[in-house]
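Here is a short report for a reader who is new to this structure. Please look over the sequence and the 3D view before reading on.

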Amino acid sequence: MPLEILLVLVVGGIAGITLLLHLTGRSRLCVLSPELAWSEWLRHAPDDSIIDVTVAHDGHAALIRTETGNGLLWSFGADTVARHLPDFDLLDHPQGFEVQFHDFGTPKAIIHLDERERRHWQHLMEPA
């Protein structure tokens with residue numbers, strides 16, 4: 001098969017799959033409720049005992065307080081990502097906070113927060 005035809009088939013297939021996922025709603029961010037954040041955290045870290053869940057107003061991030069420390073859960077497409085917060089940098093961002101993890105696999109997450117939420121989350125994320 002000529003390379004030009006193969007290239008058209010590959011690019012067309014990827015574009016078609018992307019369009020299909022977008023039209024079926026699979027490209028929307030997961031919106032978290034306290035209950036969903038609780039269950040998603042336990043899906044990622046089943047051995048944790050959750051004390052409290054604080055969900056951002058936009059529903060795309062949640063701060064999870066567990067017996068072993070804080071954790072962050074955020075939307076990543078239609079799924080979620082969860083990370084414990086043993087070592088991180090909390091930087092101001094125009095839309096809220098930028099959390100930089102000291103982990104090669106998870107370089108950063110941007111959490112969208114309003115001014116009131118920003119102060120509350122900053123207080124909750126301070127090291128004990």
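## Salt bridges

The count of salt bridges comes to 5. A salt bridge here is a side-chain nitrogen of Lys or Arg within 4 Å of a carboxyl oxygen of Asp or Glu. This is a predicted model, in which local features need pLDDT of at least 70 and side-chain atom pairs count only at pLDDT 80 or more, while totals for chains, interfaces and linings use all residues. Residues are numbered from 1 along each chain as its sequence is written, and side-chain values use heavy atoms, with hydrogens and water left out.

## A network around R43

E40, R43 and D79 are linked in a network of salt bridges. Take R43 and E40: their side chains meet at 2.7 Å, N to O. Both residues lie in helix 2, 3 residues apart, about one turn of the helix. Helices (H or I, at least four residues) and strands (E, at least two) are DSSP runs, numbered from the N terminus.

D79 and R43 also meet in a salt bridge, again listed at 2.7 Å, N to O. D79 lies in strand 4 and R43 in helix 2, so this pair ties together parts that are 36 residues apart in sequence.

How accessible are these residues? E40 is buried, with a relative accessible area of 14%. R43 is partly exposed at 44%, and D79 is partly exposed at 37%. Buried means under 20% relative accessible area, exposed over 50%, and partly exposed in between (1.4 Å probe, protein chains only).

## The buried side of helix 2

Which residues of helix 2 are buried? Helix 2 spans residues 34-44, and A37, E40 and W41 are buried in it. They cover an arc of only 100° around the axis, which puts them on the same side of helix 2. The arc is that of the directions from the helix axis to the C-beta atoms.

The buried residues of helix 2 pack against strand 1, strand 2, strand 3 (69-76) and strand 4 (79-84). Contact means heavy atoms within 4.5 Å.

Strand 1 (residues 50-55) and strand 2 (residues 61-66) pair in the antiparallel sense over 5 bridges. Two strands pair if DSSP finds at least two bridges between them. V53 has I64 of strand 2 as its bridge partner. The two strands form a hairpin with 5 residues between them. In the turn, G59 has a positive phi of about 80°.

A salt bridge also joins D52 and R65, with the closest N and O atoms 3.6 Å apart. This pair links distant parts of the chain: D52 is in strand 1 and R65 in strand 2, 13 residues apart. D52 counts as partly exposed at 27% relative accessibility. R65 is partly exposed too, with a relative accessible area of 30%.

Strand 5 and strand 6 (residues 96-101) pair in the antiparallel sense over 6 bridges. Here F88 has F101 of strand 6 as its bridge partner. In a regular strand the side chains alternate between the two faces of the sheet.
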